[in-house]
Amino acid sequence: MTAMTLDPSLSLQMTAKESQRRVVIEDIDGLIKIYKDGQVERPDIVPRVTCSLPPEFRLMSRDLIIDKYTNIWARLYVPNRHEKLPLIVYFHGGGFCVGSASWSCYHEFLAKLSAKANCAIMSVNYRLAPENPLPAAYDDGVKSLVWLRQQALSRDNEFLTSKCNFSSIFLAGDSAGANIAYNVAIRLSGLSNLRPLDLKGLILLQPFFGGESRTQSEKYMVQPPRSALTLAASDTYWRLSLPAGANRDHPWCNPLAKGAGKLEDFPHDVPTMICLSEMDILKDRNLEFCAAMARAGKKVEHVVHKDVGHAFQILNKSSISQTRINELICVIKSFISR
C-alpha cells in the first residue's frame with residue numbers, strides 16, 4: 001500500500017472550519033464563553049499572579065492546598081505581627097463562573113485589607129460553574145472551614161496555628177463570594193462542633209442575589225458599557241450556576257422568595273455587616289435583604305458607599321474608588337475589632 005502524507009495546511013484549514021462551525025450559546029463580555037458542544041472558555045483578561053508581595057506590605061503570603069482531588073486551594077495573607085490575629089475566610093466574586101484567588105485584583109485588594117485591617121485572610125479558590133454548578137461552591141466553602149478546623153486541632157501547620165486566632169473567624173466575600181459566605185454560614189450552623197473555630201461574624205460586600213421579579217435598581221440603574229455587573233450578565237450567571245430547571249426564585253439566588261426558607265434559620269448570634277454600592281444594580285435587592293434580616297431579629301448593619309458601582313474595590317482605579325476602598329477597609333477593621 002502506498003504511504004499517504006497529510007498536507008499540514010489542510011489540517012489547519014480543517015481546524016479553522018471546525019472553529020467557525022462552533023456555536024457560542026452563552027457569552028459574558030469576554031469573561032466566559034459556553035459553546036454548544038459543552039466546552040467552556042475563560043479568556044485570561046485578568047492577570048493571575050503568584051503569592052509574592054513587595055516588602056512594603058509587611059505581609060507573609062502562602063498558597064495552601066485544601067483538597068488536591070478537587071483542586072480547592074487558598075491564598076493566605078498574614079501581617080508580620082507577633083500576636084495571633086483574627087482570620088477572615090474570603091470568597092472571591094465572579095458570578096460563580098469566573099474569578100480566582102490568584103487574580104491580580106484580588107491579590108492586591110486582600111493584601112491591602114490584611115495589612116491595614118491587621119487581620120489574616122484566607123482567600124479560597126473554589127470550583128466554578130457551569131462545570132460545577134451550585135451547590136459545589138457552597139460545599140467547597142464548608143470543606144475549607146472543616147479543613148481549617150483540622151489544621152487547628154492537629155497543629156501540623158505551624159504557620160497557621162502560630163499566626164491565626166481560631167476563636168475569631170469571619171466569613172466574607174464580594175458579589176457571588178458574599179452569597180457563598182452567607183450560605184456557608186447557614187450550613188455551618190447545622191454542624192454539631194466546629195471548635196476550636198468560633199464564627200464571630202459575616203462581611204458581605206455587594207452580595208449577589210437575584211429574583212424573578214425585578215427591583216427598581218435592576219430595572220432603572222443605568223450602567224456604563226464596561227460595568228462589572230449588568231442585568232443581562234447577572235441573568236446569564238444565574239442560568240449557568242443554578243441547578244438545571246431552576247429559576248431565579250431558587251433559594252440560593254433569592255433568599256427572600258416564597259418557599260425559600262426562613263431567615264430565622266440563619267445563626268442568631270452571628271453579626272452581619274453588609275456593604276452596598278450606591279450605583280450597583282443590586283443596591284435595592286441588598287437593601288431588601290438587610291431589612292428582612294432585621295425583621296427576623298438578626299444582628300445586621302449596613303453601609304452604602306456613595307458614587308461607586310459593583311465590585312469597585314477590585315476593578316476601579318479612579319480616585320473616588322480609592323477613597324471608597326479606604327472607607328471600606330475602615331468599616332471592616334472596625335467590625336472585626338469589636
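The legends below describe close-up views of a predicted model of one protein chain.

View 1. A compact globule of 338 residues would have a radius of gyration near 20 Å, and the 21 Å found for the protein chain agrees with that. Buried residues account for 51% of the 338 residues, while the chain exposes about 16100 Å², of which carbon and sulfur atoms supply 52%. Of the contacts between residues at least 6 apart in sequence, 74% join residues at least 24 apart.

**View 2. The open sheet of eight strands.** The strands follow the order S4-S5-S7-S6-S8-S9-S10-S11, and their pairing is mixed. Strand S4 (59-67) and strand S11 (300-305) form the edges, each pairing on one side only. On average, and with direction ignored, neighbouring strands of this sheet are turned by 20° against each other.

View 3. S4 pairs with strand S5 (residues 72-79) in the antiparallel sense, over eight bridges. In S5, Leu76 is the bridge partner of Arg62, and Arg75 is the bridge partner of Asp63. Four residues lie between the two strands of this hairpin, in which Asn71 takes a positive phi near 60°.

View 4. Helix H3 (136-154) lies across S4, S5, S6, strand S7 (120-125) and S8, and runs at about 110° to S4. Helix H10 (residues 319-336) lies across S6, S8, S9, strand S10 (272-277) and S11, and its direction makes an angle of about 165° with S9.

View 5. Helix H5 (residues 176-188) has 13 residues and reaches 18 Å from its first C-alpha to its last, close to the 18 Å expected at 1.5 Å a residue. Because 11 of its 13 residues are buried, H5 is largely enclosed by the rest of the structure. The buried residues of H5 include Ala176, Gly177, Ala178, Asn179, Ile180 and Ala181, together with Tyr182, Asn183, Val184, Ala185 and Leu188. Their cover includes the strands S6 (85-91), S8 (164-174) and S9 (199-205), as well as the helices H3 (136-154), H7 (231-241) and H8 (283-295).

View 6. Met221 lies in the loop between helix H6 (216-220) and H7. With a relative accessible area of 23%, this residue is partly exposed, because the buried class requires a value under 20%. Leaving aside residues up to four places away in sequence, Met221 touches Gln216, Glu278, Met279, Asp280, Ile281 and Lys283. Lys283, one of these contacts, is 62 residues from Met221 along the chain, with 9.3 Å between the two C-alpha atoms.

Technical notes
Residues are numbered from 1 along each chain as its sequence is written. This is a predicted model: local features need pLDDT of at least 70, side-chain atom pairs count only at pLDDT 80 or more; totals for chains, interfaces and linings use all residues. Side-chain values use heavy atoms; hydrogens and water are left out. The expected span of a helix is 1.5 Å times one less than its number of residues. Buried means under 20% relative accessible area, exposed over 50%, partly exposed in between (1.4 Å probe, protein chains only). Contact means heavy atoms within 4.5 Å. Two strands pair if DSSP finds at least two bridges between them. Axes are lines fitted to C-alpha atoms, for helices over the stretch in contact, and angles run from 0 to 180 degrees between N-to-C directions. The radius of gyration is taken over C-alpha atoms; the globule rule is 2.2 Å times the number of residues to the power 0.38. Accessible areas come from the Shrake-Rupley method with a 1.4 Å probe; for residues, only the protein chains shown count as cover.
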